[in-house]
Amino acid sequence: MTLALNAPAAVLEKLAFTNLKIATATPASTGTQAEVLDTIQVAVLLDMDFGRIAVGGAGGVVVIDPNAGSRSCDPTLVCVGSFGTSELQLTGSDASVQVNFDPTFQLTGPGVPIVAEPQFPGGPGAVVNISGGTTVVKFGAKLTINPGQTPGVYSGQFSVNLEYN
């Protein structure tokens, strides 16, 4: 078979494939890894304690501040005795951990339940770091005493959810 081109010689020179280079793929590899983390273990070191609270007819608010380790008491209440934050020891892999919890919980006793709001530095969703395999986190709470609250011992629990971040 013969191919005839009716083009000027200058065009044919430009069509010549004298230095044609064909690119080929060079095989490449990349590394990959995965780190398996320890399950986060939680140990309760201290339970939260609001101490003793004398209630007038109006009720009021008591706050345990986990940052300052202090307790504040509305002027309508009298707070006496020892008090303390809740302290939890987290054990796991050195990593960041997101801390979540419900916005309220209840203390129950002989009268109407008392509503409490957990207090945590940074609030729900805050991130803490486990370093050296352990860290301790502190929780406080805002306790709203009802007007005319029935005297007695009130107790409750709150849940903390932990997830590697």
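This report describes a sheet, a nonpolar core and a few individual residues in a predicted model.

## The three-stranded sheet

Three strands, in the order β10-β7-β12, make up an open sheet in which the pairing is antiparallel. The edges are formed by β10, which covers residues 126-130, and by β12, which covers residues 160-164, and each of these strands pairs on one side only. On average, and with direction ignored, neighbouring strands of this sheet are turned by 35° against each other.

Strand β7, made of residues 95-101, runs antiparallel to β12 and is joined to it by 5 bridges. Within this pairing, Q98 has E163 in β12 as its bridge partner.

## The largest nonpolar core

The largest nonpolar core holds 26 residues, and those that touch the most other members are F50, L107, F120, V128, V137, F139 and L143. At least two residues of this core come from each of several strands, namely β3 (60-65), β5 (77-80), β6 (86-91), β7, β8 (105-107), β9, β10 and β11 (134-145). Strand β11 provides the largest share, with 5 residues.

L107, which is named among the core members with the most contacts, can also be followed through its individual neighbours. When residues up to four places away in sequence are not counted, L107 touches P113, I114, A116, L143, Y154, S155 and G156.

## A116 in strand β9

A116 lies in strand β9, which spans residues 114-119. Its relative accessibility is 0%, and because buried means under 20% relative accessible area, A116 counts as buried.

Leaving aside neighbours within four places in sequence, A116 is in contact with P103, T104, F105, L107, K142 and L143. With L143, the separation is 27 residues in sequence, whereas the distance in space from C-alpha to C-alpha is 4.4 Å.

## Q149 in a loop

Q149 is located in the loop that lies between β11 and β12. With a relative accessibility of 10%, Q149 counts as buried, so a position in this loop goes together here with a buried state.

The side chain of Q149 is joined to the side chain of N146 by a polar contact of 2.7 Å. Not counting residues up to four places away in sequence, Q149 touches V55, G111, V112, I114 and Y154. Of these, I114 and Y154 are also touched by L107.

Definitions and conventions. Residues numbered from 1 in each chain as written. Predicted model: local features only at pLDDT ≥ 70, side-chain atom pairs only at ≥ 80, totals over all residues. Heavy atoms only, no water. Pairing = 2+ DSSP bridges. Helix = DSSP H or I, 4+ residues; strand = E, 2+ residues; numbered from the N terminus. Axes fitted to C-alpha atoms, helices over the stretch in contact; angles between N-to-C directions. Buried < 20%, exposed > 50% of the residue type's maximum accessible area, 1.4 Å probe, protein only. Contact = heavy atoms within 4.5 Å. Core = buried A, V, L, I, M, F, W, Y, C linked by side-chain atoms within 4.5 Å. Polar contact = N/O pair within 3.5 Å; in protein donor to acceptor, adjacent residues only side chain to side chain.
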